[in-house]
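The following exercises ask the reader to derive contacts, packing geometry and accessibility from a set of coordinates. Each task is followed by a worked solution.

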Amino acid sequence: MRWLTLYARSRQIPASLAAVVISAVAVGALAREGGGGPGDPRLPVLVLATGAMAVSIGLSGQDLALDRTAAIRWVPRRAAHVLLCGAVVGTVLLTVQAMGEDMATTKFVVRDSAGLMGLVALGAVPSGGQYAWTLPFAWLSFSFFAPPPTSAPMQVASWMLLPPGTAAGTLTALVLAVAGTAAYAVAGPRR
């Protein structure tokens, strides 16, 4: 059990979890105050993206030499780390939502948290954990200011804001989640 505590501390999980919870509670308070209309996907996407960006710092360790001496292979550990972070980010939003304002459906939360964690993992491969947040931030910024998604490329570009049953949104999130998790698990963060 001690190894799990050490791993969590080396990946800055307590601080990341605190940032995820604080951002979810703050956006939940905004939703109660009427920050977005019912069915407006911007607030839940903001919570999920903030959460994914907060946990992105943990995608690289403190000491590369120490990481290389691990007894457990890194490929399954990295994949589990990405999947677990996505589950935690989504669960925090669903928990805050259960205590207050209904912001998004479970399908929406699962799709977007998986896709955003895939983006974070993809960002960590060339940039490392400290800059892994830039890819989801850029995509989120574009989605917020993009024109309405009337064409297939625009639906792919604004997948985060599409309703949960939309094929383009679901497929884009799935591709990002699988590609990001696989690339990060195999290649790891930039050294």
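A salt bridge is a side-chain nitrogen of Lys or Arg within 4 Å of a carboxyl oxygen of Asp or Glu. The model is predicted, so that local features need pLDDT of at least 70 and side-chain atom pairs count only at pLDDT 80 or more, while totals for chains, interfaces and linings use all residues. Residues are numbered from 1 along each chain as its sequence is written, and side-chain values use heavy atoms, with hydrogens and water left out.

**Exercise 1. Salt bridges**

Find the salt bridges in the whole structure and state the accessibility class of each partner.

Solution. 
- Step 1. Side chains of opposite charge can pair when their charged atoms come close. The search of the whole structure returns two salt bridges.
- Step 2. One of them joins the side chains of Asp 40 and Arg 42, at 2.9 Å from N to O.
- Step 3. Classes follow from relative accessible area: buried is under 20%, exposed is over 50%, and partly exposed lies in between (1.4 Å probe, protein chains only). Asp 40 counts as buried because its relative accessibility is 16%. Arg 42 counts as partly exposed because its value is 44%.
- Step 4. Asp 112 forms a salt bridge with Arg 111, and their closest N and O atoms are 2.8 Å apart. Both Asp 112 and Arg 111 are buried.

**Exercise 2. Overall architecture**

Solution. 
- Step 1. Helices (H or I, at least four residues) and strands (E, at least two) are DSSP runs, numbered from the N terminus.
- Step 2. A contact means heavy atoms within 4.5 Å. Among contacts in the protein chain between residues at least 6 apart in sequence, 74% join residues at least 24 apart.

**Exercise 3. Packing of H3 against H6 and H5**

Describe how helix H3 packs against H6 and against H5.

Solution. 
- Step 1. Two packed helices are described by the angle between their axes and the distance between the axes. Axes are lines fitted to C-alpha atoms, for helices over the stretch in contact, and angles run from 0 to 180 degrees between N-to-C directions.
- Step 2. H3 (residues 42-55) and H6 (residues 106-127) pack at about 35°, with axes 9 Å apart.
- Step 3. A crossing is left-handed if the near helix is turned anticlockwise from the far one by less than a right angle, and right-handed if clockwise. The crossing of H3 and H6 is right-handed.
- Step 4. Residues of H3 that meet H6 include Pro 44, Leu 48 and Ala 52; on the H6 side, Asp 112, Leu 116 and Met 117 are among those taking part.
- Step 5. H3 and H5 pack at about 145°, with axes 9 Å apart, again in a right-handed crossing. In this pair, Pro 44, Leu 48 and Val 55 are among the H3 residues, and Cys 85, Val 89 and Leu 93 are among those of H5.

**Exercise 4. The surroundings of Cys 85**

Is Cys 85 buried or exposed, and which residues does Cys 85 touch?

Solution. 
- Step 1. Cys 85 is located in helix H5. Cys 85 counts as buried because its relative accessibility is 11%.
- Step 2. Leaving aside residues up to four places away in sequence, Cys 85 touches Val 55 and Met 117.
- Step 3. The C-alpha atoms of Cys 85 and Ser 56 are separated by 8.8 Å, although the two residues are 29 apart along the chain.

**Exercise 5. Packing of H5 against H9**

Which residues of H5 and H9 meet, and what is the angle at which the two helices pack?

Solution. 
- Step 1. H5 and H9 pack at about 145°, and their axes are 7 Å apart. H5 passes H9 in a right-handed crossing.
- Step 2. The H5 side includes Trp 74, Arg 78 and Val 82, and the H9 side includes Thr 181, Tyr 184 and Ala 185.
- Step 3. Ala 80 also lies in H5, and the C-alpha atoms of Ala 80 and Ala 185 are 8.7 Å apart.
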